[in-house]
Amino acid sequence: MRVALVTFATAVMVLRAVVFTEARSPILIVPGLTASQLYKKGPLGWRGLWLGLKLCLNVNSALKDLSLVFNPATGRYQNQPGVDIRTSGFGDTCKTEYLFADPIEQGCGKQRPIIPYFYTMVKYFVEQYPQYYKRGVTIRAAPYDWRLAQDQLQASGYYSSVQSLIEIMYRDGGNAKVTIVAHSMGGPVSLFFLNNVVTQQWKDTYINAFIPLSGAWSGGNFALAAVISGGINASGIQHHPLFPSLRKYCHGLPPLALRNAARTFPSVSTLLPKPSVWGKTVLVKTPNRCYTANDYEALFADMNHPLGFEMYTSTSIINEGFPAPNVPVFCFYGTDVPTPETFIYDSGFPNTFPLVVNGSGDGTVNLLSSEVCLNWANQTQPFQNVTFPGVTHGEMVSNKAVLRAIENILLNGNGPTSSSMVMRHCSLYY
């Protein structure tokens, strides 16, 4: 595959050469792990649980409510007894533009949100092209219960709702094919939909392009740290990789409570590094042994969580082999950001934070995982791979170079001019 290394000046010329005149494709946003708001039903109705005031004020109680119960005999998951949880904002963008789920939060698009997520991207398109992009019409979102794996999402009716929503967007957008913009775990969630739910004829009719941003195709080592110890120790600072927003807004977080909740989520099991990609790479070291992606049974046993291996095996076949979606794909991801690759635990394993040995990636998803999409280069539909050096996992939904590249696809039906391209982003901050 030919790789074009583009200097920042060339990138500016490529982007500015586009004449943006007419929008041609509605946008469906599929968020990532922990990035859909969850609500719990109580005596006074539905109240924000994730992210909400209850989580900050009573972390242990909220995390217990979020935890799922796994039945090994049936392979099914359910909420805690007496707990009813749902997502909110399906088909809209407001609950995906920000991540705070309480009534005190500002109205959609009114002010900069407390915890912004897709806010910058949505704002960019509705302001640049107000005649076409309108919240809840031609730019929408499909939030989901991020605790669940793809097969459970399918059983819950989520994918049927996504299919119907895309058909509505196609109609409301003037019979224009829809572009799916998915972030992080939203990439694998969307891939399952494209490969297992809809037909090729349907995709040819309704899908303009699939733009995964930082797709966690083969998971990420952050998921390992989450289920082993609840966090990591990087440069003397404690981080909770599964819950990055919490440290800033909620203080005194108990890492073991975070770990215990994460261990119940089948979504996290799907994000463990896959043996087919990671091979013999050492992911975890303890005073007693080393563990690779082929050693999960031993790892879970040694951390006194044998049920974790059953959960892993029940989800490991999801997206197995990473089949190409056979729609136009523009695979975007950040590179050259130190990203946890190996965790070194002391004798306190698994109840202490590990030291970290970094590799390459976007700070969250490792490069090996991001590059899985390169396997789709030979699909019958167009494919382009675009990297953004220095852009972190979270920045991929708001970085100006990323937004301009998406804009080019939406308005002109194409991306950068070569099948694999490096975008220099630094000059585009102005």
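Predicted model: local features only at pLDDT ≥ 70, side-chain atom pairs only at ≥ 80, totals over all residues.

Colleague: Why are α5 and α18 called oblique to each other?

Modeller: The axes of helix α5 (residues 119-128) and helix α18 (residues 400-412) cross at roughly 50° and come within 11 Å. Angles under 35 degrees count as roughly parallel and 65 to 115 as roughly perpendicular, with the rest between them taken as oblique, and α5 and α18 are therefore oblique to each other. The crossing in which α5 passes α18 is right-handed.

Colleague: Which residues make the contact?

Modeller: On α5 they are Thr120, Met121, Tyr124, Phe125 and Gln128, while α18 brings Leu403, Arg404, Ile406, Glu407 and Leu410. By class, the residues of this contact of α5 with α18 divide into six nonpolar, two polar and two charged.

Colleague: What makes β14 and β17 the edge strands?

Modeller: The open sheet has four strands in the order β14-β13-β16-β17, with mixed pairing. Both β14 (290-291) and β17 (355-359) pair on one side only, and that makes them the edge strands.

Colleague: How do you know that β13 and β16 pair?

Modeller: Two strands pair if at least two bridges are found between them, and two bridges join strand β13 (residues 284-285) to strand β16 (residues 339-344), the two running parallel. Lys285 stands opposite Ile344 in β16.

Colleague: Which helix lies across β13 and β16?

Modeller: Helix α10 (residues 221-228) lies across them, running at about 40° to β16.

Key
Residues numbered from 1 in each chain as written. Heavy atoms only, no water. Axes fitted to C-alpha atoms, helices over the stretch in contact; angles between N-to-C directions. Parallel < 35°, antiparallel > 145°, perpendicular 65-115°, else oblique. Left-handed = near helix turned anticlockwise from the far one by under 90°. Contact = heavy atoms within 4.5 Å. Nonpolar A, V, L, I, M, F, W, Y, C, P; charged D, E, K, R; others polar.
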